[in-house]
Amino acid sequence: MFNKRIKIKALLAEENTGFEATVMGWVRTFRNNQFIALNDGSTNNNLQVVASLGEFEDSTLKRLTTGACIKVTGQVIASLGKGQKVELKAATIEILGDSDAEKFPLQPKKHSLEFLREIAHMRFRTNTFGAIFRIRHSLAFAIHQFFNDKGFVYLHTPIITASDAEGAGEMFRVTTLPVDGSAPKNEDGSVNFKDDFFGRSTNLTVSGQLEGELAAMAFSDVYTFGPTFRAENSNTTRHLAEFWMIEPEVAFNDLEDNMNLAEAFIRYVIKYAMEQNKEDLEFLAQRLEEEEKQKPQQDRSEMGLLDKLNFVVNNDFERLTYTEAIEILKESNHNKKKKFQYLIEGWGVDLQSEHERYLVEKHFKKPVILTNYPKDIKSFYMRLNEDGKTVAAMDILAPGIGEIVGGSQREERLDKLTARMAEMHIPAEELNWYLDTRRFGSCPHAGFGLGFERLVQFVTGMGNIRDVIPFPRYPKSAEF
RNA sequence: UCCUCCUUAGCUCAGUUGGUUAGAGCAUCUGACUGUUAAUCAGAGGGUCUCCCGUUCAAGUCGGGAAGGGGGAGCCA
């Protein structure tokens, strides 16, 4: 490191004792006027710092409150107590930052996730969120490593975009025009964006896919990993207005290649987190297990978090077509006994959450890849199949989360693509730059989008997506 | 946006058929103790019962509305 302190994770891993060390961190608890549980975020495990009786001023000890930041120098010794191998016998304690115990919101006790969400700026200092965000980091790192190892180019697609034709969702407008009604108007009363910063109407991106496709037509293999914005009024445990998305786009891949890539990718990053964040995952698994005990028997999940992750890493995902899925659902006892709120009667309707859950959690009990959906319920850029009524789409459904990946082989044939756009009333002139890929050296290609937070949810087992991003953005909420 | 549940101390929650001064555990503070592991023991302080309107002799409790939050649905990643 770049200073003279040793990180607590490194100190706890030391084989030897009997050397001097300096640590810095935040007090979790101060027990018995003698034992400081110190945490610096490098690990969930605290270092026990011992302030021997009579060796420190009362005025110093009084300031060792939960949340205070301190610097301690002393001898690393084998612990005299149970519960930890080593401890630091303090020679000097310096208070770097006081923390008023009467006002500091985090107490040495269990807090509800709802309460911690209200103090998101402080929740990093809890074991649960420490574990979650270290795992989030590992997953982000593993994503780059996976693609880098395979020769992909990391492409930075724009965050401000003029394209509003994709229809992936409602967009946030980007403008420097006044909002008090004095913005320049067209003759018909609409705002004239000619005088706006970009000279046209612009928004925050809802997807980097179309730009990704442009680059894939040159580098063959690219991926994006960046923030994405949706101004949907979604109030659920798996939607955010600002979230991070990973979008690989690969030239010469067909739908099957696309599935293989997605599956290998998911396995790789989960495996990486399991290796790098063993203790954090064990902590979260433990936490989840206790939470499960509070639930009635029928609502409990059959597998613990670690079993679930191991299972995903070691088993193939179930692959089936939309048509096969409809058959399974239609013939299911669940459907026959009318337990679905929306009964499956025929081909062509979109699957509801309850149907996806049934397939993933009840029927197959593993992640499922659904393919070849009816063209009418999917996007314009998905490749039309031979049958003329389905497209080469794929959705990966994960237990407890639902859709984690949405992807497709893209329509590379210009005539088919423009025909589809006309059908769906998508103005071709606005996407001329996109259509150029089909005009000049078009090629079969495929890609997918993976919601990063949903991946983090799956790996950490957290039920609410607002707990796996540091500062969540959702309707009526943009605090911190 | 729709459905549903919730809102009482810093936190997590009790609070009976509407009835004197609204309780507990933890946290905090004070003291004791001192090899503790969310230390323990004793004591103390801490409340506009989310807000507004209504019913009633009387509302934390009943009714209506608002705000905030949880869960589910839709949109999707």
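In what order do five strands close into a barrel? The order is β1-β2-β3-β5-β4, and the pairing is mixed. From one strand to the next, the twist averages 55 degrees. Strands here are DSSP runs of E with at least two residues, helices are runs of H or I with at least four residues, and both are numbered from the N terminus. Two strands pair if DSSP finds at least two bridges between them.

The model is predicted, so to speak of local features a pLDDT of at least 70 is needed, side-chain atom pairs count only at pLDDT 80 or more, and totals for chains, interfaces and linings use all residues. Residues are numbered from 1 along each chain as its sequence is written, chains are lettered from A and ligands numbered from 1 in the order in which they are written, and side-chain values use heavy atoms, with hydrogens and water left out.

Now for the chain as a whole. The secondary structure of chain A comprises 14 helices and 16 strands, and the C-alpha trace spans about 85 × 60 × 45 Å along its principal axes. Of the 480 residues in chain A, 49% are buried, where buried means under 20% relative accessible area, exposed means over 50%, and partly exposed lies in between (1.4 Å probe, protein chains only). Contact means heavy atoms within 4.5 Å. Among the contacts in chain A with a separation of 6 or more, 68% are between residues 24 or more positions apart.

Strand β8 is joined by two bridges to strand β9 (residues 202-204), and the two run antiparallel. Arginine 173 stands opposite asparagine 203 in β9.

The loop between β8 and β9 holds aspartate 196, which counts as buried at 6% relative accessibility. Leaving aside neighbours within four places in sequence, aspartate 196 is in contact with Val174, Thr175, Thr176 and Leu177. The side chain of aspartate 196 also reaches the backbone nitrogen of threonine 176 at 3.1 Å. Aspartate 196 and isoleucine 160 are 36 residues apart along the chain, and their C-alpha atoms are separated by 14 Å.

Strand β10 (residues 221-229) is mostly covered, with eight of its nine residues buried. Strand β6 (residues 153-154) runs parallel to β10 and is joined to it by two bridges; here tyrosine 154 stands opposite tyrosine 223 in β10. With strand β11 (residues 242-251), β10 pairs in the antiparallel sense over nine bridges, and the bridge partner of aspartate 221 in β11 is valine 250.

Two helix pairs are worth a look. Helix axes are lines fitted to C-alpha atoms over the stretch in contact, and angles run from 0 to 180 degrees between N-to-C directions. The axes of helix α9 (residues 322-331) and helix α11 (residues 353-364) come within 11 Å and cross at roughly 75 degrees. The two helices are therefore roughly perpendicular to each other; angles of 65 to 115 degrees count as such, those under 35 as roughly parallel, those over 145 as roughly antiparallel and the rest as oblique. Ala325, Ile328 and Leu329 of α9 make the contact with His355, Tyr358, Leu359, His363 and Phe364 of α11. By class, this contact has six nonpolar, two polar and no charged residues. Nonpolar covers Ala, Val, Leu, Ile, Met, Phe, Trp, Tyr, Cys and Pro, charged covers Asp, Glu, Lys and Arg, and polar covers the others, Gly among them.

In the second pair, the axes of helix α7 (residues 278-293) and helix α8 (residues 305-314) come within 8 Å and cross at roughly 120 degrees. That makes α7 oblique to α8. Leu281, Glu282, Leu284, Ala285 and Leu288 in α7 meet Leu305, Leu306 and Leu309 in α8, and the residues of this contact divide into seven nonpolar, no polar and one charged.

Terms used. Polar contact = N/O pair within 3.5 Å; in protein donor to acceptor, adjacent residues only side chain to side chain.
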